[in-house]
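Please open the structure in your viewer and keep the selection tool at hand. The tour below goes from stop to stop, saying what to select and what can be found there.

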Amino acid sequence: MTVKPTSWIGASVERLEDKPLVTGRGRFAGDVSFPHQLHMRMVRSSYAHGRLKAIDVTEARAVPGVVAVWTADDIADLPPIDFREGPNEKLAPFRQSVLAKDVVRYAGEPVAAVFATDPYVAEDAAELVTMDVDELDAVIDASLPASEFAAGLTTEPTICRQGYGDIAAAFKGAAAIVEMDLSVGRHSGVPLETRGAIGRYDAARDVLELHGAAKVPHKNRESLARMFGRSTAGVHLYEGHVGGGFGVRGEIYPEDVLVLVAAMRLGRPVKWLEDRREHMIAANHSRQQRHCIRAAVDAEGRLIGIDDDFFHDQGAYIRTHGTRVADTACGILPGPYRLPHYRVNAHFRLTNKTPAATYRSPGRYETNFVRERLMDAIARKLGLSRIEVRRRNLISPDEMPYERPLVALGDEVVLDSGDYEGLLNKALERCQWDRLEREVAERRKAGEYVGLGLAMYVEKSGLGPTDGARVNVHTNGEVEVITGGASVGQGFETVIAQVCAETLGVDYKRVRVIHGRTDRIEYGIGAHATRATVMTANATAVAAGKVRVKALDMAAQLLQTDAGQLTIVNGSVMRTDGAGASIDLGDLAHHLRPVSPTRGERDPGLAAEGWFTTAHMTYPYGVQIALVRIDPSTGGVDIEKMLIAFDVGRSINPMLVRGQLVGGFVQGLGGALFEEFQYDERGQPLSVTFADYLMPTAHEVPEVDILVTEDAPSSCNPLGIKGAGEGGVAAVGAVIASAVDDALGGKGLITQIPITPQAVKAMIDGQRK
Amino acid sequence: MKPASFSYHVPTSVDEAVALLAELGPQDGRILAGGQSLVPTMAFRMARPTHLIDINGIAELARLTAGGGIVTVGACVRHAAFDSGTLPGATGALLRKVVQNIAHYPIRTRGTFCGSVANADPASEWCCVMAALDGVAVLRSQRGTRRVPAAEFYQGVMATALDEDELLVAAELPMLADDTRTGFVEFSRRKGDFAIAMALVAYRLEGGVIVEPRVAIGGAEPHARRIAEAEDVLSGQAPGAAAFVAAAEAASAAVDPMEDINNTAAYRRGLVRTLTQRALESAE
C-alpha cells in the first residue's frame, strides 16, 4: 500500500477567514479603539481652486472638548507625501502637502484638522473653521492646453513616452488607417468600508503605531519612517480586517500622516474614520483618460502600427503612485496582438479634481476599452468579422515568451506564456457564438436592438522582484506562516494555507497565516498588482519545503528509517508504504526545541524562512463576451448573457478565482454603465453620495458564466501561478461597449464609457432621423 | 456625516405632538417619522433641525384603514404595509404595484407613506399616487384640522401647503371602483433609485369605452400632477394602441420637464411618452 497525501492546491476549500466575518467578530478600522483616544475631523476646501488667504480657527479651538486645531503652519516641518518608489525630483513639486498651504486645488483638499475628545464635537468644531479664499478658474478638462500649476510649473508635469519601430513608416505603408477619439470616465474603488486610521505612540517602547493599515504595510512603514526621520524599527503598521481594497485603500494619505503626528505631539491615540462623502472626494479617483488613437493596418487587417496620444486626468496632485497608471497604460496597451510599430505619448495632466491613482486593473481597464474599440473599428473598415480580425493579429503560443520593448510597472514586458487563440476558441464554443450571432440577426430583423460584444485582453500579475515567508510548526502541530503579504478580503489566508498544506503535508485548517504585521516580519510586498498569490505563495512553498526536509530528517532519526522512504500525510510523518510507526509534526517540533537532547546538531525549531525571486511579471489572459439588449424607448441596457474566460496558469482555489472574476466584473460593469465622478464647470463634485454615484447592485448584475482554464502555466514561478485578482474587471468596459455598439448597428458610435441611457437614446433617435 | 446637535422630543399623542410643533415648528423643529430622507440630509448637515419631534410612539398614527370608500393612511404607516396583500380592491392592487418601485425592502420597512407625501420629492411614487387619485392630505395643528386635496397640496420641488405648525396626520385615498384598471411604470438607471420619470394610469370601461381616465406623471416636473390633456384623449375611446399612443403623445406634449446633469428635458419628455404608453398597456 502506498500512502497518498491530500492534495490542497486546486481544491475549492472553504475560506479560513470567514468565521469572524460571518459571526460579526471581525476587526475593521472602526473597531479599533484605545483608551484616552482623540478623534480627528478634517476641514476640507469647498473650492476646487483658489488662493488660500487666511484660515480662522479661533472659534473651533474654543469649543469644549477640542484639544487642538491644526493648519499647514502647525506642521510646517512635515514634507509633502512622497512617492512609494522613492524620491523623484521632476515630479516632487506636484506632490500633495498634508494640509494645503497658500493654494487649494480640489474641492475636498484638507486644509485643517480638528482633534477632539468626541467625534461629534470634532465635526461641530470643524464647521466653525472659516477660510478666506480667492477663487480661481478650475481646470476640468485634461485634454485642453496645459495651464499654470504654480509659478514656473505647468499642469503637465510630464509626458510618459513609450514605443518602438518606425511609426511614420508604418502609417505610410498602411492599406487602411483607423482613427478614434475614445474616453473613459472618472470612477474608482468605493469599498464598503471607508478608510480609517488610528495613530498611537507607545512611549514605553518608543514605537509609533498605525492601525487600520492595508495593502502595503511594509512599504508604507518605510515611507512614514523616512517622513518622520525615525528608524523603521520604531514604526509599526497593523492591518486588521479590510472591507475592500481595490487599489484606493492602504495608500498613504494626508489623514494617515496626521493621526501619527498628532499621536506623537498630543500624547494621545488619535482615531480617524472617513465618512462616505469624504471617501468620494478624498480617496484616490482613477481611470479618466481620453485617447486620440490611430491604427495603421495592412489589407488583411493586420496591425502595422498604433499611434496614441492620450490625456491622463491625474487630478490635483501626484500621489504615492507617481505616474504608474499612465506608464502601465502605455506598456500594456498592445494587449494580445502582434504590433510591429508603436508610439504612445501619455500627457500626464493635473486638473482641479480629487487626485487619481490605481483602481483594480489600472491602465488595463482603460486601454482594453481603447484597443478593443479600435479592433472592432478595423474589422468594420475592412469588412472582416470581429473574430477574424483578432485571429489574424493574436500572438501565437510558439512565439512565447514574447518580449516587447515596453515597460509596465517598471518591469520589461515579457509575455511569459499563453494560447490566446486557444482560449478564444474555447470561449466561442462555450457561449455558442455562432448560434448567438444567428439569433441576434433574427431578433434584429424583428426590430429588437440586440448586440454581441467581444473583448480579448492580457492581464499582468505577480510583480516582483522578491518576497519571503517563514513557516513555523508549533509543538501542538499547528503551523504558522508568517508573511509580509496583506489581505484585502481576497482569501489570502486560505490560499497561502493551501500552498503550505500541500507542500508540508498537513490539513490546511491547521495552518494559521499571519499578514499585515510589520512587527512579525521585516519585509513584505503586501497585496497589490495581483501579486500576493504569485509571490507570497511561491515564497511559502519554498519555506514549507525546507521545513518538510527538516521534519523528514528529524523523523528519519527517530523512526530509524531513511528519510527518502518517508512522507508526510495529514501532519504525520510515515513511511511511503504505510508500514511501521509514524510521528506527528508537533512531536517533531518538540524534539527540535532548544533544550531537546534528540535535536543533535540541528538548529532549534521546526521552522524555516523561504524567499522567492522572479525575473518578470506573469501575464494571465482572457476573453469576455456579452449579449445585450437595448430598450430603444428609454436607452436602457440589459445584459442578457455574460461570459468571462480566463487563464490563470494554475488555480490554487477555483472557487476563489471564480469569486475574484465575478466580483471584478461587477466593478467593471459600474464603469461601463453606471459609475462616474462628475463635476460642474467650477470643479464642484456632483457625485458625493450613493444616490449620485451609481454602484451596480444585485438587480443590475447578470448571471456571469465563468470559464477558468489552466492551459498556460507561468514559466516565471515553480507553482505555475498567474494572478486572478484583476481579470474580471479588466475588459468589462471594452466588452459592454462592443456589445452596445453592435446593438446600435455596429457603427462605432460608442466612444466613451460609462454609457448612459440618455446617450444611447440620443444615438437611436439620431439614427432614425 | 454626523448630524449637528438637536433636541429630541417623544410625544405620545397627536395633541402632544401638535402642541410641540406649535412651539418648536417656528424654531426649525421637524417631525421624525421613518427618517429615510430626513436623517441622511441631517447627516450631511444639509438639514439641521434644532428640534426633532419623533411621532413613532403615537399608536393611532400607525393605522391603515379602509372604509366608507376611503383608504386612510396614518402618518406612521410604513411603505412595506403595501407590500402585503391586505388592502382590498383596485386601490389596494394599485398600491401593491407602486410600492415595489420604492427603494428597497429594508428601506420600505422604515420609511412612511406620509413622510414621502410631506417631503414632496418630485420623484416620490406616493406623491404621484396622491396626484393621480386626488388624495387628500389631512393636516392637524392646534388651530384645527385642514383637508387639502393633492392638487393644492403640492406647490413645487419639495414644497407643500404644510404650515410649520401642522402635522400631516394622514393621507386619504379614494377606494377606486373594483373594475378600475390601473397601471404604473417608472424608469430609473438602477432598480430602487429615484425615478427619472414615472406614469400612473387608471380607468374604467363602460360599454367598451374608457371612462373616468386618470393619467398622472411624476419625476419629470417639480411635482407630480394629473395630465388633463392625456385624460381627454382617452375619454370615450376604446382601449387599444391607437388611444394609448395618442394619450402618451398628449402627456409628453403637456409636460414641462426638469433638466439635470444627466437628463435633458427632451430625454425626460421622451420617457413620459414611453412610460405613459406602457402604463396604459399594462393596466389591468
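Helices and strands are here DSSP runs, a helix having at least four residues and a strand at least two, and they are numbered from the N terminus. Keep in mind throughout that this is a predicted model.

Begin by selecting A:Asp206, which is found in the loop between β11 (196-202) and β12 (207-211) of chain A. Its phi is near 55°, a positive value in a residue other than glycine. Is A:Asp206 buried or exposed? With 11 other C-beta atoms within 10 Å, A:Asp206 counts as exposed, because the limit for that class is 12 or fewer.

Next, select strands β24, β25 and β26 of chain A, which form an open sheet in that order with antiparallel pairing. β24 (566-569) and β26 (583-584) of chain A stand at the edges with a single partner strand each, so one side of each has no neighbour in the sheet. Between β25 (residues 572-575) and β26 of chain A there are 2 bridges, and A:Val573 stands opposite A:Ile583. Helix α14 (residues 532-559) of chain A packs on this sheet, touching β24, β25 and β26 of chain A.

Now move to A:Gln560, in the loop between α14 and β24 of chain A, where phi is near 50°, again a positive value in a residue other than glycine.

Finally, show both chains together: 18 residues of chain B are in contact with 21 residues of chain A. Helix α10 (residues 265-282) of chain B gives the most to the side of chain B that touches chain A, with 4 residues.

Methods:
Residues are numbered from 1 along each chain as its sequence is written. Chains are lettered from A and ligands numbered from 1 in the order in which they are written. This is a predicted model: local features need pLDDT of at least 70, side-chain atom pairs count only at pLDDT 80 or more; totals for chains, interfaces and linings use all residues. Two residues are in contact if their C-beta atoms, placed from the backbone, lie within 7 Å. Two strands pair if DSSP finds at least two bridges between them. Axes are lines fitted to C-alpha atoms, for helices over the stretch in contact, and angles run from 0 to 180 degrees between N-to-C directions. A residue is buried if 20 or more other C-beta atoms lie within 10 Å of its own, exposed if 12 or fewer, and partly exposed in between; C-beta atoms are placed from the backbone.
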